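Thanks for coming, everyone. I have one structure to walk through today. Please bring it up on your screens.

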Amino acid sequence: ITGRGFTKLNRGIKIRRARSFAMSVEVKTVPDAVVSSIRKKHDSDSLGALISSSAISLMVYAKEQGAEITGRGFTIYHSQDEDTTDIEVCLPVNKQGTERGDIHFREVKGGKFASLLIKGSYENVEPGHETVKKWCAENNHKVTEVRVVYIKGPQETKDSSQFETELLYLL
């Protein structure tokens with residue numbers, strides 16, 4: 001998420017100077033993946049709760065469908081305006097399943113992405129987005145999609161300095 005909408009998401013959070021993490025953007029190829037997903041247009045102020053509840057629903061339903069989780073959960077930000085974000089919460093799985101309610105199965109296309117690994121608190125994510133946007137502009141890349149991969153978070157550790165989040169910008 002970038003720009004004014006992202007700042008709005010973090011209203012009330014004091015952005016501190018990024019702790020010692022390298023702001024080094026790399027280009028990497030991400031493969032296609034089958035995912036179980038929930039896509040919603042949602043109030044930008046409460047995306048965290050939506051992401052958490054959706055991830056839990058996806059994990060439970062994948063297990064019911066006999067699907068194995070094959071990677072880290074991630075979000076795709078399809079669009080955003082002042083108050084609303086069109087977000088898709090995705091969980092990579094090993095097979096398609098039967099859709100139910102808001103839960104869908106589909107193939108997410110891979111491709112060439114600008115990647116930035118952020119270590120530490122989620123407070124570091126906004127400066128990370130700014131770094132990737134600047135890198136894309138300097139290298140004449142038009143971004144067509146933004147993903148955020150949750151590698152290590154509150155489910156794995158209570159120490160936010162140990163969180164790992166990857167920003168992926170489709171080039």
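Ser37 sits in strand β2, residues 33-43. Is Ser37 buried or exposed? Its relative accessibility is 2%, so Ser37 counts as buried, the cut-off being under 20%. Leaving out residues up to four places away in sequence, Ser37 touches Leu58, Glu88, Val89, Cys90, Asp102, Ile103, His104 and Arg106.

Now zoom out to the sheet. How many strands form it, and in what order? Eight strands, running β1-β6-β8-β7-β3-β4-β2-β5. The sheet is open, and the pairing is antiparallel. Look at the edges. β1, residues 26-30, and β5 each have a single partner strand, so one side of each has no neighbour in the sheet. On average, neighbouring strands are turned by 35 degrees against each other, direction ignored.

Let me take two of the joins. Strand β3, residues 74-80, runs antiparallel to β7, and four bridges join them. Two partners to find on screen: Ile76 is bridged to Arg147 in β7, and Thr75 is bridged to Val148 in β7. Val148 also stands opposite Leu167 in β8. Between β7 and β8 there are seven bridges, and again the strands run antiparallel.

Next, the helices on the sheet. α2 lies across β2, β3, β4, β5 and β7. Against β4, residues 84-92, α2 runs at about 30 degrees. α3 packs on the sheet too, touching β1, β6, β7 and β8. The direction of α3 makes about 30 degrees with that of β8.

On to the rings. How many aromatic pairs does a search of the whole structure find? Two. One of them is Tyr61 with Phe105. The ring centres are 6.3 Å apart, the planes make 45 degrees, and the pair is tilted. What does this pair tie together? Tyr61 is in helix α2, residues 47-64, and Phe105 is in strand β5, residues 103-108, so the pair ties parts that are 44 residues apart in sequence. Tyr61 is buried, at 4% relative accessibility. Phe105 is buried as well, at 6%.

Then there is Tyr122 with Phe163. Their ring centres are 4.9 Å apart and their planes are at 45 degrees, so this pair is tilted. Here both residues are in loops. Tyr122 is in the loop between β6, residues 111-119, and α3, residues 125-138. Phe163 is in the loop between β7, residues 145-152, and β8, residues 164-170. The two are 41 residues apart, and the pair links distant parts of the chain. Tyr122 is partly exposed, with a relative accessible area of 32%. Phe163 is buried, at 7%.

Last, confidence. The mean pLDDT of the protein chain is 87, and 87% of its residues reach 70 or more. Where pLDDT is low, predicted coordinates should not be read in detail.

That's the tour. Over to you.

Note on methods
Residues numbered from 1 in each chain as written. Predicted model: local features only at pLDDT ≥ 70, side-chain atom pairs only at ≥ 80, totals over all residues. Heavy atoms only, no water. Phe/Tyr/Trp six-rings, centres within 6.5 Å; stacked < 30°, edge-to-face > 60°. Buried < 20%, exposed > 50% of the residue type's maximum accessible area, 1.4 Å probe, protein only. Contact = heavy atoms within 4.5 Å. Pairing = 2+ DSSP bridges. pLDDT = per-residue confidence, 0-100. Axes fitted to C-alpha atoms, helices over the stretch in contact; angles between N-to-C directions.
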